[in-house]
Amino acid sequence: LNELIAEGVRGRYILVRSDLNVPLDGSTVTDDGRIKASLPVLTKLTDAGARVLVTAHLGRPKGAPDDKYSLKPAVARLAELAPFSVTLAGDTVGSSAKELAAGLTDGQVLVLENVRFDARETSKDDAERGAFADELVALTGDNGAYVDDAFGAVHRKHASVYDVATRLPSYQGDLVHTEVEVLRKLTADTQRPYVVVLGGSKVSDKLAVIDNLIGKADTILVGGGMLFTFLAAEGHAVAGSLLEEDQIPVVKDYLKRAADAGTEFIVPTDVVVASKFAADAEHETVPADGIEGSSFGAQGIGLDIGPDSAAAFAARIKSAKTVFWNGPMGVFEFAAFAAGTRAIAQALTETDAFTVVGGGDSAAAVRTLGFADDQFGHISTGGGASLEYLEGKELPGLSVLDR
Ligand code: 3PG
């Protein structure tokens with residue numbers, strides 16, 4: 001980005017892909033972490049006199065305008081935080097975008113409406129995506145440039161992430177740069193012990209990353225809904241808890257391979273079991289091999305790791321040199337089932353290790369539970385993107401910039 005700024009951006013249209021995909025409650029932004037993370041690049045460019053066109057997505061609309069997925073709430077929050085002037089266009093590449101872009105003056109920002117309101121953004125067809133990219137690029141006139149600052153979307157081969165970069169002089173934004181530098185520390189010359197904490201609901205979302213961590217991480221602590229598939233693989237009954245039966249053989253294979261590769265999986269020894277999936281459900285802590293023996297019998301649903309497991313996990317985190325955490329330990333949105341997630345967050349703030357929190361859910365969890373971003377080494381803005389980076393996959397949004 002500094003290279004682009006040194007070349008001079010005053011009066012030029014700079015297309016910036018930001019990640020403004022924030023969680024909403026109605027029209028309220030419940031975690032503005034990504035908006036805050038997008039500010040530095042926009043500020044640098046506007047300070048230097050650029051006319052900035054921001055592209056971003058929100059949620060997964062079906063390729064047509066849908067008010068539920070409008071960027072309005074995100075842009076309203078951006079405008080509150082920004083030291084520059086921000087406007088939201090009424091469409092993405094239509095008459096509103098064209099008119100407002102033409103009227104932009106130096107140092108102003110125009111955000112285009114959700115790029116996913118156009119089905120071509122995510123199309124598998126190169127020509128369709130290319131045609132959409134051409135329309136985005138046309139808004140920049142004849143001296144435009146592109147900056148990718150949406151780390152959370154670099155794993156997507158989408159028009160606003162990938163194809164525009166093949167059409168304009170393209171640069172890495174500072175957020176993308178920082179994220180990559182941090183994640184690189186988790187893949188090469190990692191300080192040991194390297195402890196990974198994995199949670200979240202499904203094992204099937206984490207298969208590739210687990211695969212890649214076996215032999216690299218010293219310890220993998222397993223929590224969240226996925227822990228029940230691990231317990232089932234160890235031969236324990238899990239009553240009504242979330243279980244991915246088809247993944248049991250896969251998990252058995254992981255456990256075997258990990259033992260051979262020097263990676264230790266630690267699965268909870270106690271869990272909090274509830275009568276139903278609800279904030280006010282009755283609940284009790286039981287040994288992980290005795291879930292069916294809880295007062296709720298076969299109906300019981302495990303919704304958090306238990307206190308002994310949380311303490312054991314915290315001890316591992318405190319003796320680590322590097323910790324990566326992805327995925328909550330339990331249903332932290334319900335106060336009664338937030339203790340496991342809170343204990344992990346607390347341990348991360350107390351360890352001397354270099355700590356990285358990855359994934360939208362984990363980032364939202366630590367903020368919801370009252371922790372501050374600066375209590376952690378790094379809070380990644382990427383969910384899928386950070387996992388795919390750790391899986392060792394090629395990320396289209398990054399490789400296109402390298403080219
Ligand atoms: C994310 O939330 O991980 C990114 O913004 C990407 O969103 P997506 O998974 O809908 O592509």
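**Notebook: strands, domains and ligand shell of a predicted model**

I began with strand S15 (residues 322-326) and strand S16 (residues 354-358), which pair in the parallel sense over five bridges. For pairing I required that DSSP find at least two bridges between two strands. Strands are DSSP runs of E with at least two residues, helices are runs of H or I with at least four, and both are numbered from the N terminus. Within this pair, I noted that Val-323 stands opposite Thr-355 in S16.

I recorded the conventions next. Residues are numbered from 1 along each chain as its sequence is written. The model is predicted, and local features need pLDDT of at least 70, side-chain atom pairs count only at pLDDT 80 or more, and totals for chains, interfaces and linings use all residues.

**Entry: the open sheet**

I then looked up the sheet that holds S15 and S16. It is open and has six strands in the order S11-S10-S9-S15-S16-S17, with parallel pairing. Strand S11 (264-266) and strand S17 (378-379) are at the edges with a single partner strand each, so one side of each has no neighbour in the sheet. As a reminder to myself, strands of a sheet pair through backbone hydrogen bonds, either parallel or antiparallel.

**Entry: strand S4**

I turned to strand S4 (residues 51-55), where five of its five residues are buried. I call a residue buried if 20 or more other C-beta atoms lie within 10 Å of its own, exposed if 12 or fewer, and partly exposed in between, with C-beta atoms placed from the backbone. Arg-51, Leu-53 and Thr-55 point one way from S4, Val-52 and Val-54 point the other way, and all are buried.

I followed the partners of S4. Strand S1 (residues 13-17) runs parallel to S4 and is joined to it by five bridges, with Tyr-13 opposite Arg-51. Strand S6 (residues 108-111) is also parallel to S4, through three bridges, and here Leu-53 stands opposite Leu-110.

**Entry: the whole chain**

I counted 14 helices and 17 strands in the protein. The C-alpha atoms fill a box of roughly 70 × 45 × 40 Å along the principal axes. Of the 403 residues, 50% count as buried.

I also looked up contacts, defined by C-beta atoms, placed from the backbone, that lie within 7 Å. Among contacts with a separation of 6 or more, 73% are between residues 24 or more positions apart.

**Entry: two domains**

The domain assignment, automatic or from a database, gives domain 1 (2-177) and domain 2 (186-390). Their centres, taken over C-alpha atoms, are 34 Å apart. Twelve residues of domain 1 are in contact with ten residues of domain 2. On the side of domain 1 that touches domain 2, helix H2 (residues 33-47) gives the largest share, three residues. By class, that side has six nonpolar, three polar and three charged residues. Here Ala, Val, Leu, Ile, Met, Phe, Trp, Tyr, Cys and Pro count as nonpolar, Asp, Glu, Lys and Arg as charged, and the others, Gly among them, as polar.

**Entry: the ligand shell**

Which residues are around the ligand? I listed Asp-19, Asn-21, Arg-60, Gly-152, Ala-153, Arg-156, Gly-360, Gly-383 and Gly-384, where the criterion is a C-beta atom, placed from the backbone, within 6 Å of the molecule. The shell has one nonpolar, five polar and three charged residues. It draws at least three residues from each of domain 1 and domain 2.

**Entry: backbone details**

Most residues other than glycine have a negative phi, and most peptide bonds are trans.

- The peptide bond from Arg-192 to Pro-193 is cis, with omega near 0°; Pro-193 lies in the loop between helix H6 (174-185) and strand S9 (194-198).
- Asp-189 has a positive phi, near 50°, and lies in the loop between H6 and S9. Asp-189 counts as exposed, with 7 C-beta neighbours inside 10 Å.
- Ala-239 has a positive phi, near 50°, in the loop between helix H8 (227-233) and helix H9 (248-261). With 19 C-beta neighbours inside 10 Å, Ala-239 counts as partly exposed.

Conventions:
Two residues are in contact if their C-beta atoms, placed from the backbone, lie within 7 Å.
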